[in-house]
Every structure is written in structure tokens, then in C-alpha cells.
Amino acid sequence: MARDFIITKEHRRFKEFATAVRKDKTIGICHGEAGVGKTLSARRYAHWDEVGTFVDEWGPRTEDDAKVHATAHRCRTIFYTPEVLPRHKQIMTDIQHLQMRVGSCVDEHLRAIGKVTGIRVGDVTKLVELVIIDEAERLTPTALELLRDEHDRHELAIIFIGMPGIDQRFRHYPQLYSRLGFSHNYRSLGRDELLFVLERQWRRLGATLDMDDFTDAQAVGLMQRRVTA
Ligand SMILES: Nc1ncnc2c1ncn2[C@@H]1O[C@H](COP(=O)(O)OP(=O)(O)OP(=O)(O)O)[C@@H](O)[C@H]1O
Ligand SMILES: [Mg+2]
């Protein structure tokens, strides 16, 4: 994924939003139409192709580990997608598990650069600053309440990602809603950017996009109507 990822304006806006939520130790909601790139942006922000794969595999130590530890230290973020019909206990266990592993990576990095010394390892979960939860409409009210509690106790920043309308759903949970710091609308690509992306993809497929060609212009028009519909 990392190779094909295009840094769009919307991705830049998402990055600013996520950094603000993390710095303010608050709760943020990101909502946008299906397929606009919310998941990809969030995974990119958390460097989840690298860090997520590493913590999932959790294999024997190798010389390359230090690089991943440094990345985990820089982003201090976990990315989590709940199952369909999730059990709230499972969500909390899964998140804690990811916090422990990513936290351990950060701890290893801090030791490598001499910022942490001694054998005693403290609570490494605290080293994770942001939890991004994708497909947040799957969360039950109890899960939302547990996450809100986690935010209150540990000043954990949380981003919920979902479809348009998820922000309205959160209004029904006043305790969560009152803690909301930012609401971010992930928009679809504008015309110029759509052309830029399509030109790149066309080229990858070995073709050239020619807006003077009626069929190409018609295809672009169709896609633009779809993404702005
Ligand atoms: N910045 C990007 N660079 C390259 N491809 C992208 C980018 N953003 C989105 N895409 C393409 O669009 C597809 C959909 O993106 P993504 O899954 O992130 O959307 P989404 O907003 O999370 O959708 P949903 O609401 O359905 O979960 C990706 O599989 C990818 O092919
Ligand atoms: Mg998605």
C-alpha cells in the first residue's frame, strides 16, 4: 500500500486533524463518504503497514527491529478495526494488547537512545498517545462508554472514523459528546486532484489520459460525478 499511496490534500488535512487530537489529548470524529480514503489515511498516519504488521507477527528479534521501534516512537498511535457485532470486552482487550505491544516498541527505542534506563519496565501502555478506531459505527453504547472512561482515566486521545452521520449518532451520548474536541469531514477529491490521481493510475497501467479525447473526458466526468455525489 505504502508504495501506491498518494499524498492528497485530504490526507494532509487528516494528518493535521490527527496531530491536533493527539496533542490536545482529546476525542475526535472523522466522517466521510465510502471510499474517499479515510482508512488509508489513518493507517498511513499510524504507519500501520510497518508497525501493525510488526506487532501482529511479534516474531523473534532481528537487526531491523530498531527501525520499527523508532517509527512506533515517532507516531505513538495504534489503529484498530472492531469486528462486525463486536463484544465490548473483546474490544478493550484487543486495544490493550496493541497498546502493550506498541508501547513496548516505544520503550525499546527510548532505552536505545538512553532516555530510559534501569531494568524496571513501567506501564508501557501509557507510551501510546492516540488510538484510531475505524468503522466506529460498529461500536455499541457500552463500548463507547468504556472507551470514554479510558480517555478520562489515562488522557488517551481517541479518533473515531465512520460514515457521514456518525457525528450525529454521538450526540446521543452526552458524556462522550461533551469531550469531543474535533469533528473532521473527510472530503472527496476535487477536480484537479482527481485528474492528478487518474493520470498517475493511467500511467501505471501503461496508458495516457488525454482530456481532449472525448471518451477519456467522459470517463473522468463520470468519476467526478460519483465522487462528488
Ligand atoms: N491517498 C490515496 N492514495 C492511493 N489510493 C487511495 C488513496 N485514498 C484512497 N485510495 C483508494 O481508494 C480505496 C478506498 O480507500 P479507503 O478504504 O481508505 O476508503 P474509506 O474512506 O475508508 O472507505 P469506507 O468508508 O468504505 O471504509 C483504496 O483501496 C485505494 O484504492
Ligand atoms: Mg474505511
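Modeller: Two residues are in contact if their C-beta atoms, placed from the backbone, lie within 7 Å. This is a predicted model, and in it residues 24 or more positions apart account for 81% of the contacts with a separation of 6 or more.

Colleague: How many helices and strands does the protein have, and what box do its C-alpha atoms fill?

Modeller: There are 10 helices and five strands. Along the principal axes, the C-alpha box is roughly 70 × 50 × 30 Å.

Colleague: Which domains does the domain assignment give?

Modeller: Domain 1 covers 9–188 and domain 2 covers 190–229. Their centres, taken over C-alpha atoms, are separated by 34 Å. UniProt, in an unreviewed entry, lists residues 23–170 as "domain: ORC1/DEAH AAA+ ATPase". That stretch of chain is 51% helix and 13% strand, with 22 Å between its end C-alpha atoms.

Colleague: How should I read burial, and what share of the residues count as buried?

Modeller: A residue is buried if 20 or more other C-beta atoms lie within 10 Å of its own. Of the 229 residues here, 30% count as buried.

Colleague: Is Arg44 buried or exposed?

Modeller: Arg44 has 20 other C-beta atoms within 10 Å, so it counts as buried. This residue is found in helix α2. Leaving out residues up to four places away in sequence, Arg44 touches Phe5 and His11. Between Arg44 and Gly165 the C-alpha distance is 24 Å, and the two are 121 residues apart in sequence.

Colleague: What about the nonpolar core: how many residues does the largest one have?

Modeller: In soluble globular proteins, nonpolar side chains tend to be buried together. In this model, the largest nonpolar core has 46 residues, and those with the most contacts inside it are Ala46, Val102, Val131, Ile132, Ile133, Ile158 and Ile159. Helix α5 (residues 88–112) supplies the largest share of this core, six residues.

Colleague: Which residues does Ile132 touch?

Modeller: Again setting aside residues up to four places away in sequence, the partners of Ile132 are Ala42, Ala46, Thr77, Phe79, Tyr80, Ile159 and Ile161.

Colleague: And the ligand: how many residues surround ligand 1, and which helix gives the most to its shell?

Modeller: The shell has 14 residues, the closest being Ala34, Gly37, Lys38, Thr39 and Leu40. Helix α2 (residues 38–45) gives the most, with three residues. Sorted by class, the shell has six nonpolar, six polar and two charged residues. Helix α2 is also where Arg44 is found.

Conventions:
Residues are numbered from 1 along each chain as its sequence is written. Chains are lettered from A and ligands numbered from 1 in the order in which they are written. This is a predicted model: local features need pLDDT of at least 70, side-chain atom pairs count only at pLDDT 80 or more; totals for chains, interfaces and linings use all residues. UniProt positions are given in the numbering used here, feature names are shortened, and annotations may be inferred rather than shown by experiment. Helices (H or I, at least four residues) and strands (E, at least two) are DSSP runs, numbered from the N terminus. Domain bounds come from an automatic or database domain assignment. A residue is near a molecule or strand if its C-beta atom, placed from the backbone, lies within 6 Å of it. Ala, Val, Leu, Ile, Met, Phe, Trp, Tyr, Cys and Pro count as nonpolar, Asp, Glu, Lys and Arg as charged, and the others, Gly among them, as polar. A nonpolar core is a set of buried Ala, Val, Leu, Ile, Met, Phe, Trp, Tyr and Cys residues joined through C-beta atoms within 7 Å. A residue is buried if 20 or more other C-beta atoms lie within 10 Å of its own, exposed if 12 or fewer, and partly exposed in between; C-beta atoms are placed from the backbone.
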